[in-house]
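Me: I am new to this structure and would like to go through it step by step. Could we begin with the charged side chains?

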Amino acid sequence: MDILAKKEYYINLFDFYGDLLTEKQRQYFKDYYFEDASLAEIATVYGVSRNAIFDQLQKIYRILEEYESKLGLYKKFQQCTAIYEEYKNSSNPEVIAIIKKMKSIE
């Protein structure tokens with residue numbers, strides 16, 4: 001997985017499971033991925049070492065991957081999106097109605 005794909009993957013997992021992380025873990029993740037702060041910058045803000053931030057991010061990755069392996073919400077979302085894309089231009093009104101109902105649930 002290249003760097004951009006990995007970044008997108010973890011951001012998507014964070015969207016699904018971020019609320020299950022501790023407040024500090026969420027903040028480290030947001031600072032690193034959404035604020036584009038370096039490990040050293042984050043470490044300075046929180047008064048910890050750069051290595052502590054690195055270790056925490058590695059732990060966050062493992063936690064997010066564990067949630068995904070157990071719950072599979074992101075995988076299911078990808079599958080639903082693929083189905084939407086496949087049938088979005090359908091001329092069948094029943095199919096269109098079902099897709100609209102499914103999208104309204106999300």
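**Salt bridges and other contacts**

Reply: The side chains of Arg26 and Glu23 come together in a salt bridge, at 2.6 Å from N to O. Please note that the model is a predicted one.

Me: Where do Arg26 and Glu23 lie?

Reply: Both residues are in helix α2, three residues apart, which is about one turn of the helix.

Me: Is Arg26 buried or exposed?

Reply: Arg26 has a relative accessible area of 16%. Buried means under 20%, so Arg26 is buried.

Me: How many salt bridges does the structure hold?

Reply: It holds two salt bridges. Besides the one between Arg26 and Glu23, Lys70 forms a salt bridge with Glu66, where the closest N and O atoms are 3.1 Å apart.

Me: Why are Lys70 and Glu66 separated by about one helical turn?

Reply: They are separated in this way because they are four residues apart in helix α4, which covers residues 50-71. Lys70 counts as exposed, at 62% relative accessibility, while Glu66 counts as partly exposed, at 42%.

Me: Back to helix α2. What about Asp31, which is found there?

Reply: Asp31 is found in helix α2, residues 23-33. Asp31 is buried yet has no salt bridge. The nearest side chain of opposite charge is that of Lys30, 8.4 Å away.

Me: Which residues is Asp31 in contact with, leaving aside its neighbours within four places in sequence?

Reply: Asp31 is in contact with Asp36, Ala37, Ile42 and Tyr46.

Me: Let us turn to rings. How many aromatic pairs are there in the whole structure?

Reply: A search of the whole structure gives 14 aromatic pairs. One of them is formed by Tyr28 and Tyr46.

Me: Why is the pair of Tyr28 and Tyr46 edge-to-face?

Reply: The ring centres of Tyr28 and Tyr46 are 5.0 Å apart and the planes stand at 80°, so the pair is edge-to-face; the cut-off for this class is over 60 degrees. The pair links distant parts of the chain, as Tyr28 is in helix α2 and Tyr46 is in helix α3 (residues 39-46), 18 residues apart.

Me: And how accessible are Tyr28 and Tyr46?

Reply: Tyr28 is buried, with a relative accessible area of 4%, whereas Tyr46 is partly exposed, at 30%.

Me: Last topic, the surface. Which residues make the nonpolar patch?

Reply: Phe16, Leu20, Leu71, Leu73 and Phe77 make a nonpolar surface patch of about 410 Å². Phe16 has its place in helix α1, residues 3-17. Phe16 is partly exposed, with a relative accessible area of 32%.

Technical notes
Residues numbered from 1 in each chain as written. Predicted model: local features only at pLDDT ≥ 70, side-chain atom pairs only at ≥ 80, totals over all residues. Heavy atoms only, no water. Helix = DSSP H or I, 4+ residues; strand = E, 2+ residues; numbered from the N terminus. Buried < 20%, exposed > 50% of the residue type's maximum accessible area, 1.4 Å probe, protein only. Lys, Arg positive; Asp, Glu negative; His and termini not counted. Salt bridge = Lys/Arg side-chain N within 4 Å of Asp/Glu carboxyl O. Contact = heavy atoms within 4.5 Å. Phe/Tyr/Trp six-rings, centres within 6.5 Å; stacked < 30°, edge-to-face > 60°. Patch = residues over 30% accessible without salt bridge, like charges linked within 9 Å, V, L, I, M, F, W, Y side chains within 5 Å. Areas by Shrake-Rupley, 256 points an atom, 1.4 Å probe, with all protein chains shown as cover.
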